[in-house]
Amino acid sequence: MLLAMVGTLLGIVLSALASTTILTSLPVMMNELGAGQTAYTWVITANLLTTTVSLAIWGKLCDLFSHTRLMFAAIGLFIVASLCAGLSATAEVLIGFRAVQGVGAGGLISVGSVLLADLVSPRERGKYAGVIGGVIGVGTMGGPVLGGLITDGLGWRWNFYLGIPFAFASVILLHRTLNLPSPRGSARIDWAGAVLVTASVGLAMTWVSVAGEMFPWWSWQSVAMVTASLGFAIVTIVVERRVSEPLIPLGLLTDPTISRVVVTNVSLGVTMLSVPAFMSQYFQISRGMSPSASGSMILAMSASTFLASTVLGQVISRTGRWKPWVIVGAAFLLSATVGLATLTTTTPLVLVGAYLVGVGIAVGTLMSNMQILAQNSAPPDKLGAATALPAFFRQLSGTLAVSVLGAMIATRVATASGAAGATRDTVPDVAELPEPVRQAVQTLYADIIGDLFLWCIPLAAAAFVATALLPNRALRTSTAVQQRAETLLPE
């Protein structure tokens with residue numbers, strides 16, 4: 001079982017690294033490819049969009065087909081897309097392969113989480129999920145550290161090649177150790193739901209990415225795109241309530257635990273993805289740091305994520321008491337978000353590091369425990385969907401947040417550049433700017449990024465309330481495989 005869990009863990013870590021190792025190299029990457037802030041945002045959001053939509057599809061497939069084979073398929077797709085992304089010659093090609101890479105990453109997250117539920121009961125899962133959640137958190141938060149070192153030493157393209165050896169190791173371990181029974185379900189995939197969700201989310205992200213640049217925010221184009229996005233969302237809800245095997249099983253949201261887990265995951269997703277994405281710009285542009293120095297500032301956050309997840313996983317498995325800890329984690333999330341909203345070019349770096357440690361503790365406390373609580377409340381035949389549903393909303397909120405916040409940065413930078421008579425649309429390299437301009441650019445980015453986190457405070461407050469209202473249910477002591485076997489036993 002240990003080898004199987006290591007193989008699963010390697011696959012899950014790949015998905016985390018895929019989203020974050022390139023974050024500290026994005027300013028260098030966009031400068032080399034001659035791309036601007038819009039492309040900067042889409043390199044991130046294209047991957048997040050396909051990861052988000054595919055999460056729900058992979059989760060439904062887990063209720064129908066062999067989990068081991070699905071994991072192999074996700075790893076294979078991830079490897080091919082990573083190789084092609086590393087060889088990209090233009091930003092447009094890179095964005096396309098990042099989208100394909102996201103489909104594979106969605107499978108690694110969704111199927112990997114279900115494999116863990118197959119191997120360990122919710123009560124015992126804390127011992128392992130704590131470590132796994134910590135590693136995921138370190139991969140998500142610490143990826144920029146590794147990405148910065150790789151960019152400075154080997155070049156940004158090597159960030160895409162990094163995970164390939166781990167992917168092969170994962171396949172070898174899983175092939176040798178896993179022999180799980182396949183779920184007994186009818187092969188019905190809600191493709192209509194997948195198309196509708198993709199259309200709704202894709203239109204929303206396209207709008208926030210191009211509005212203010214290709215056409216005004218208040219224009220008929222904006223009205224048309226927003227109306228179409230909302231229309232697709234409404235039709236999605238109608239379709240998902242009527243189909244027999246919905247892609248997004250909205251009925252699960254009637255469970256008080258799962259609904260509150262989703263609310264918490266929405267805020268967690270915004271913070272997990274926005275902090276590494278935009279703090280990289282803060283450190284490199286506002287504070288003039290190199291990619292590796294920028295990544296090293298995230299190191300304290302990564303360490304706190306790992307420690308919080310590992311220690312609390314052991315405590316919760318031993319005592320069975322989980323609720324006080326998730327409330328504490330939500331409190332850290334709220335306080336750290338408030339702190340980040342005060343950033344300026346003169347904020348002491350020690351204080352900035354303290355805010356990042358608070359984010360790390362929140363991620364380490366909440367991420368794995370929210371998943372365990374959702375799985376603990378789900379029937380065995382809906383385990384895949386219940387695992388994917390909170391992850392779907394976490395990725396969706398993070399995806400939209402990065403897109404919206406990135407568009408806000410682009411708009412305010414373009415406005416400031418226009419007022420100053422400048423026309424440059426690329427992400428600036430502050431080391432190349434003359435002193436008066438450098439200081440103005442650094443102040444501008446610091447003010448913008450600090451203001452961005454103001455929008456995250458209400459979500460963090462909602463997460464705190466949601467965790468406080470979670471039903472205090474006991475964790476089960478049987479694995480998902482045992483639960484499915486029990487449901488098939490004759491009365």
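Is Ile 258 buried or exposed? This predicted model gives a clear reply: Ile 258 counts as buried because its relative accessibility is 0%.

The protein chain is built with 19 helices and zero strands. It has 491 residues, and 59% of them count as buried. The accessible surface of the chain comes to about 18,800 Å², and carbon and sulfur atoms account for 69% of that surface. Contacts also show how the chain folds back on itself: among those between residues at least 6 apart in sequence, 87% join residues at least 24 apart.

The residue of the opening question, Ile 258, has its place in helix H11. Setting aside neighbours within four places in sequence, Ile 258 is in contact with Leu 252, Ala 374, Ser 377 and Leu 389.

One of the contacts of Ile 258 is Ser 377, a residue of helix H15, which covers residues 349-377. Ser 377 is itself buried, since its relative accessible area is 14% and the limit for buried is under 20%. The side chain of Ser 377 reaches the backbone oxygen of Leu 373 at a distance of 3.1 Å.

Helix H15 leads on to its partner, helix H14, which spans residues 323-340. Two packed helices are described by the angle between their axes and the distance between the axes. The axes of H14 and H15 come within 8 Å and cross at roughly 145°, and the crossing is left-handed. On the H14 side, the residues that meet H15 include Trp 325, Val 326, Gly 329, Ala 330 and Leu 333. On the H15 side, those that meet H14 include Tyr 355, Leu 356, Val 359, Ile 361 and Ala 362.

Helix H14 has 18 residues and reaches 26 Å from its first C-alpha to its last, close to the 26 Å expected at 1.5 Å a residue. Among its buried residues are Lys 323, Val 326, Gly 329, Ala 330, Leu 333, Ala 336 and Leu 340. An α-helix has 3.6 residues a turn, so residues three or four places apart point the same way. The cover over the buried residues of H14 includes helices H11, H15, H17 and H18.

Where does Thr 271 lie? Thr 271 is found in helix H11, and its relative accessible area of 6% makes it buried. Not counting residues up to four places away in sequence, Thr 271 touches Pro 276, Leu 333, Thr 337 and Val 359. Of these, Leu 333 and Thr 337 are among the buried residues of H14, while Val 359 is one of the H15 residues that meet H14.

Helix H10, residues 220-242, has 23 residues and reaches 33 Å from first C-alpha to last, close to the 33 Å expected at 1.5 Å a residue. Buried positions in H10 include Ser 222, Met 225, Ser 229 and Thr 236. Ala 228, also placed in H10, counts as partly exposed because its relative accessibility is 29%. Ala 228 and Leu 203 are 25 residues apart in sequence, yet 7.6 Å apart in space, C-alpha to C-alpha.

Helix H9 runs over residues 191-210 and contains Ala 199. Ala 199 is buried, as its relative accessible area is 19% and the cut-off is under 20%. Ala 199 and Gly 231 are 32 residues apart along the chain, and their C-alpha atoms are separated by 9.9 Å.

Which part of the structure holds Leu 64? Leu 64 has its place in the loop between helix H3 (37-62) and helix H4 (67-86). Although it sits in a loop, Leu 64 counts as buried at 7% relative accessibility. Leu 64 and Ile 189 are 125 residues apart in sequence and 9.2 Å apart in space, C-alpha to C-alpha.

Conventions: Residues numbered from 1 in each chain as written. Predicted model: local features only at pLDDT ≥ 70, side-chain atom pairs only at ≥ 80, totals over all residues. Heavy atoms only, no water. Helix = DSSP H or I, 4+ residues; strand = E, 2+ residues; numbered from the N terminus. Buried < 20%, exposed > 50% of the residue type's maximum accessible area, 1.4 Å probe, protein only. Contact = heavy atoms within 4.5 Å. Areas by Shrake-Rupley, 256 points an atom, 1.4 Å probe, with all protein chains shown as cover. Expected span 1.5 Å × (residues − 1). Polar contact = N/O pair within 3.5 Å; in protein donor to acceptor, adjacent residues only side chain to side chain. Axes fitted to C-alpha atoms, helices over the stretch in contact; angles between N-to-C directions. Left-handed = near helix turned anticlockwise from the far one by under 90°.
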